[in-house]
Amino acid sequence: MYQNSMNFSEVFKQSNQLCKVSPDGKYLATCVQYRLVVRDFNTLQIVHLYTCLDQVMHMEWSSDSLFILCAMYKRGLVQVWSLEQPDWHCKIDEGSIGLVSSRWSPDGRHILNTTEFNLRVTVWSLCTKSVSYIKYPKACQKGVDFTTDGRYMALAERRECKDYISVFVCDDWHLLRHFESETQDLAGLEWSPNGCVLAVWDNCLEYKILFYSLDGRLLSSYSAYEWSLGIKSVAWSPSSQFLAVGSYDEKVRILNHITWKKITEFEHPATIINTKAVVFKEVEKRPVVGSEDLSIHQLTMNNSLFSTQSKYEITQLPAQVPVIKPDPDRANPKIGISTLAFSADNRYLATKNDNMPQSLWVWDMQRLSLLAVLEQTAPVRCFVWDPRRPRLALCTGNTKVYLWSPAGCVSVNVPVEGSFQVQSLFWHCSGSTLILLSKEHICLCYVDAEEEK
Amino acid sequence: MSPSRLYSASVMSPLPLSSFNVSSNFCTEENISECILYINQELSSLCFPPIFRNSDDIRDLDAVVALNNIHDLLQLHRRAVGMMEELEVEQLKSSSDLHYQHLTNSRLKDQLELSKKENMRLHERERQLETNVKTLQNCLKDAKEEVQRLQGIIASRATQYNHDIKRREREHNRVKERLNQLLIAKKENKQGMEVLNYVGRSDGRRCLWKTGKTESRHEGEMYKTLLSEFDNRQRELMVENIELKKVLQQMKREMVGVLNSKKTCQREEKQSNNTDQSTLQTNSDDDEPIKGPPEMSCDHAREKLTNSIRQQWRKLKHHVERLDSQASMVQDGDTEEMISKQLHEEEIERLKLEIQQCKEFIQTQQQLLQQQLNTPCDEETAAVLNDSYMLEEKERLKEEWRVFEEQRKNFEMERRNFTEAAIRLGHERKCFEDDRAMWLKHQFLNTTFADQMKPQSRRTDELSKHSGHEEKLISISGKVSKSHL
């Protein structure tokens, strides 16, 4: 266990879980109903305050941290605000055609609006008067993706009951390639981090994942099995070496970038017998009433009287993982690997199996084996890797924040008056701060870690 | 008729002709009386009356009796023959029956054999059919499971499809509604963008027109990206490849070295030595072309390397296997450095046992030592213990002293009493002596010469009494004085 000190900031209001840090890390923007509040990240002082025309449903920073877009879907409006020039304004009205989603382009000067019923994607430019239209965009899990360097955009289209993929050059929205996809019903696409390979997967009725090169050639296709429900989630490793595919059969298959074949699969059994893995079980202690109990595993800072302390205990193997059987009659059953995340250094993979919702599995990518299992007292809601170091933060909807690292894991109570139920969280790009979101508030958690020896 | 002849051979033939011949042989002129006697005897044994009267020594043949006897005999004979014939017939019958039974027996045995074989065959067939049934049942079970699984899959797919269809239908309805709204709505909200002023591009450059040049430029850029990526990857793979080749070559060299060193100390492998030497030479030849430019890996060289590695590995494997098998066998002769595996294992077991025993011994010793050290080490308790022992001793001694003192006191008291008694006794004796002397004096003075005899005797008696008493006194005082000693 490394020693770390965690400080918490005061609590601020937000609505719709809209809270984003600027890409350069200097500012924190939150939306409160129809106000946009921009704070300096270090001092948390309000720097700018903007008022939108309606309740903001989506808010996004531009890539150069100079502009913020606020989308109001009900009204079909998008308003763009400038940080350098607070009185600069821009309003995009989609009119009667409606608006379902709005996003920035990677250059921070174009806004892509998807109209209602996915009729078309309008590309609005902030530099020129030009407007572009893209027809037949597909409404699916992930139909649009930009390369990491922001040069290309892949868009899934559906024409005449067939799937197509269009690759655009983001510079001038020139259509570079347009080719038919060999999927039955494309569910998502994602560029590899090096921007040269596009992974395209089918929806859950067919297990198929295809790899297309940047110039539209089909490199490979992989299918693990037939008929049963297929792919649920996909994640590239940051080095583009691996692609992790999570499916409904509770397994993660790792494909390699040389042969595009499976090199291993990770199972999520209900009984863990792997002797090298460590199973951390969160154990809640009885409410501490006014005691000064300071131990390594807990941080008690202004504990509210009725909050329960919890700590992790290492369970002896073989260990049982609590399983919740899904309803077989419902579509998109709660079974299978729904979330995958690689750590920034490529070494670890965190997975969550939907029918073991309270457990989080951490895999060692060097050894290709299970490293740790975290068993929480409530279903895991959100988990994110630190962008700088191999540290995982997760929350389960209670008042605690949990951190895992190869050295161990810790459970921290958020010391806020009243209770702060952590619904989601994300890291600041420097990896030294966690932003915690409850239903209507945010709180910053400063984690100054001294690296363990 | 032949069997009857056979059986009648033992019986005397009843034919008259032969009897005629027999009678001529039996009775002659000379032995008539003996014959008569003999016949009489025979007849009497058969319960016939004698045919010859035996009166007056004249053997008169009683013709009537003789004829009767003859008649009876003939009747007997006839009866006997009849019986014999019957018996013969019966015998024939029974023999033929027996024969028939034998035949049927053998036939039935054959039948039994056949039916047993048939039974076996049917059992075998039944068994085969049963196994068939089992396998078919298993197949059926598997097929049922498969069917169930597929049904499950179909069900889940159907739910997905239904869900999807419903979603699309809902969307479709929404579209229709929207369309209706739009048709009805008079004012159409146009989409548009209001902006205070256009901002510059993020990279600061001016926007360019779209021309054919830009298209080709884009294509070029795209291919450049791809090519650079390929280059990177190829470089990485090359580096990895070189590393692996180095490792393989090193492995090969080491394997060759190991095999060489092994072979020089193995005396049984002279022949293989030669062949290995030759392969070693060829292997060393292989090294040359590969060691040249390492980046230039032509297929041929690569193949050679992998083949030679495979060869060496195979040899090494064989060698290790051989060593293993040798170790498990017991050899004689030049086995000074090698002992059989079993002996080795036994030795190890024995040593382990010894170690275990020694450990236990050491442990017990330690425990005892610890116990020993514990008692003196713990000074307080030791002192206390010692003290308590001392106390006990002291108490005991005290008790003894007390008893001794008591006894001594008693003795003192007794001695005092005795001395007092002795003194008193002395006094009394002195008084008594004085008294006696006085009395004697008086007596002597008072006695006249008249009463010299009688009183003297009385006196002597009294004196003797007194002296006896005195003696007693003296003896007592003597005893007392003795006791003082």
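Trainee: Which residue stands opposite Glu194(B) in β3(B)?

Mentor: In this predicted model, Lys91(A) stands opposite Glu194(B).

Trainee: And how many bridges join the two strands there?

Mentor: Strand β9 of chain A, residues 89-93, is joined to β3(B) by four bridges, and the two strands run antiparallel.

Trainee: How many residues does each chain bring to the contact?

Mentor: Chain A brings 55 residues and chain B brings 47. Between them the chains bury about 4,600 Å², with 55% of this area on carbon and sulfur atoms.

Trainee: What about salt bridges between chain B and chain A, how many?

Mentor: There are four salt bridges between the two chains. One of them joins the side chains of Arg177(A) and Glu219(B), with an N to O distance of 2.6 Å.

Trainee: And how many residue pairs are in polar contact?

Mentor: For chain B and chain A the count is 17 residue pairs in polar contact, taking pairs in which both residues have pLDDT 80 or more.

Trainee: Which elements of chain B give two or more residues to the side that touches chain A?

Mentor: They are α4 (63-184), β3 (192-195) and α5 (212-265) of chain B. The most comes from α4(B), which gives 15 residues.

Trainee: How do the residues on that side of chain B divide into nonpolar, polar and charged?

Mentor: The side of chain B that touches chain A has 19 charged, 15 nonpolar and 13 polar residues.

Trainee: Changing topic to the sheets of chain A: what is the strand order in the open sheet of six strands?

Mentor: The order is β28-β27-β33-β32-β31-β30 in chain A, and the pairing is mixed. At the edges stand β28 (310-315) and β30 (337-342), each of which pairs on one side only. From one strand to the next, the twist averages 20 degrees.

Trainee: Within it, how do β31 and β32 of chain A run, parallel or antiparallel?

Mentor: Strand β31 (residues 348-353) and strand β32 (residues 359-364) of chain A run antiparallel and are joined by four bridges. Ala350(A) has Val362(A) in β32(A) as its bridge partner.

Trainee: Where do side chains point along a strand like that?

Mentor: As a general rule, side chains in a regular strand alternate between the two faces of the sheet.

Trainee: What is the order in the open sheet of four strands?

Mentor: That sheet of chain A has the order β14-β15-β16-β17, with antiparallel pairing. Its edge strands are β14 and β17 (174-180), each pairing on one side only. Neighbouring strands are turned by 20 degrees against each other on average, direction ignored.

Trainee: How many bridges join β16 to β17(A)?

Mentor: Six bridges join β17(A) to strand β16 of chain A, residues 162-169. Across this pairing, Ile165(A) stands opposite Phe179(A) in β17(A).

Trainee: Which residue takes a positive phi in the hairpin of β20(A) and β21(A)?

Mentor: Gly216(A) does, with a phi near 90 degrees, and the hairpin has four residues between the strands. Strands β20 (residues 209-213) and β21 (residues 218-222) of chain A pair in the antiparallel sense over four bridges. Phe211(A) has Ser220(A) in β21(A) as its bridge partner.

Trainee: Back to salt bridges: how many are there over all chains?

Mentor: The count over all chains is 39. Among them is the pair of Lys142(A) and Glu190(A), whose closest N and O atoms are 3.6 Å apart.

Trainee: What does that pair tie together?

Mentor: Lys142(A) lies in the loop between β13 (131-135) and β14 (144-146) of chain A, and Glu190(A) lies in strand β18 (residues 186-191) of chain A, so the pair ties together parts that are 48 residues apart in sequence.

How values were computed
Residues are numbered from 1 along each chain as its sequence is written. Chains are lettered from A and ligands numbered from 1 in the order in which they are written. This is a predicted model: local features need pLDDT of at least 70, side-chain atom pairs count only at pLDDT 80 or more; totals for chains, interfaces and linings use all residues. Side-chain values use heavy atoms; hydrogens and water are left out. Contact means heavy atoms within 4.5 Å. Buried area is the accessible area (1.4 Å probe) that two parts lose on being put together, summed over both. A polar contact is a pair of N or O atoms within 3.5 Å; within protein, one must be able to donate a hydrogen and the other to accept it, and residues adjacent in sequence count only if both atoms are side-chain atoms. Ala, Val, Leu, Ile, Met, Phe, Trp, Tyr, Cys and Pro count as nonpolar, Asp, Glu, Lys and Arg as charged, and the others, Gly among them, as polar. Two strands pair if DSSP finds at least two bridges between them. Axes are lines fitted to C-alpha atoms, for helices over the stretch in contact, and angles run from 0 to 180 degrees between N-to-C directions.
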